[in-house]
Amino acid sequence: MTPRIRVCLFGFGALVVGALLLGGVDGLPPFGHYRGPYGDVINAVAVDERHVTNMATAVNFDYRAFDTLGEEYILFAAVTGLALLLRQGRGEIEDEPAEYAADRRVPPHGDALRGIGLLMTAVTVLVGVYVVLHAHLTPGGGFQGGTILGTACLLVYLSVGYREFRAVSPRWLLDGADAAGAGAYALVGIGTLLASGTFLLNVLPLGTTKSLFSGGMIPVINLAVGLEVAGGFILVFTEFLKDTRKPSEAKRP
Amino acid sequence: MNALVYGALVLVALGGTAVVLTRDLVNQAIVLSLYGMALALLFLVLQAPDVAFSEITVGSAALPLILLVTIAKVRERVP
């Protein structure tokens, strides 16, 4: 294919896609005009029905909790697949990253970096726990809080080092959190099915609106999601960081 | 639409263009992180704080970090 034909083909494709895109944008409702009834209905009834003040959480972990279960297992399957690919196979050993090779001198992290990093880690853990626990009251939730807890561990890696990062997030803990979180969500579903005959029906006592213990089942499965996301997220990062090789192969420089 | 939304939209457009135009991989990961921040700001002014939260942690911290680690690993092998 000559460059000339390629440009012609691209021009034709760009024109068609551009026209479709412009037509689609033209058909959008005006900015700020919400047409669907569901959002307005949720806003009107969710506080009374579920005793929570974060509508996004009410939708995610109650009204469409079954969809969220599916999303949780998408994440779980993705993390499991990644671990299957990158974790050491038979005859391979897990090794530290190349910066710990004996012939390689990496300048040690300065005291200021370590001090500020650890301070930031403490603040980040606090924010992460807050965001997970207050999912039904303020913006955020298990997914957001879980990833914030994950970045706290990454801060340990960035400011102190790989060995300390692995020490604060050992593999048994990450595997356990990921699996326990995913399993707990399904168990809550089965529990509600046995108790009420409906999968993921909010059968727990709803409590007082705006208090930490309110919303019935919502904080419970939110906590499960937080656990799973935090564990899975750090697990992904660990698998990317560590070095897996056959004992016969030389350590990479 | 108010000035805040316009400002955030302009930032997102500039950020996306900057990510595409940055050729060096390490720099691109950093610019991608800034672009994530711009997107999070847009979500925030559009009153979607839950999504903004996710975008900040995933788009501007987790994804660039995983990219940086991957780039470092690939460079180890090809000196």
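The numbered points below concern a predicted model.

1. Chain B is helical in its assigned elements: three helices and zero strands. Read from the N terminus, the order of these elements is α-α-α.

2. The C-alpha trace of chain B spans about 50 × 25 × 10 Å along its principal axes. The chain has 79 residues, of which 25% count as buried. Taking the contacts in chain B between residues at least 6 apart in sequence, 48% of them join residues at least 24 apart.

3. Helix α2 of chain B covers residues 25-45, which is 21 residues. From its first C-alpha to its last, helix α2 of chain B reaches 30 Å, close to the 30 Å expected at 1.5 Å a residue.

4. Which residues of α2(B) are buried? They are B:Ala29, B:Ser33, B:Tyr35, B:Gly36, B:Ala38, B:Leu39, B:Ala40 and B:Leu42. A reader may wish to locate B:Tyr35 and B:Gly36, both among the buried residues of this helix.

5. B:Gln47 follows α2(B) and has a positive phi, near 65°.

6. How many residues does each chain bring to the contact between chain A and chain B? Chain B gives 16 residues and chain A gives 19 residues. On the side of chain B that touches chain A, 10 residues are nonpolar, three are polar and three are charged.

Key: Residues are numbered from 1 along each chain as its sequence is written. Chains are lettered from A and ligands numbered from 1 in the order in which they are written. This is a predicted model: local features need pLDDT of at least 70, side-chain atom pairs count only at pLDDT 80 or more; totals for chains, interfaces and linings use all residues. Two residues are in contact if their C-beta atoms, placed from the backbone, lie within 7 Å. Ala, Val, Leu, Ile, Met, Phe, Trp, Tyr, Cys and Pro count as nonpolar, Asp, Glu, Lys and Arg as charged, and the others, Gly among them, as polar. Helices (H or I, at least four residues) and strands (E, at least two) are DSSP runs, numbered from the N terminus. A residue is buried if 20 or more other C-beta atoms lie within 10 Å of its own, exposed if 12 or fewer, and partly exposed in between; C-beta atoms are placed from the backbone. The expected span of a helix is 1.5 Å times one less than its number of residues.
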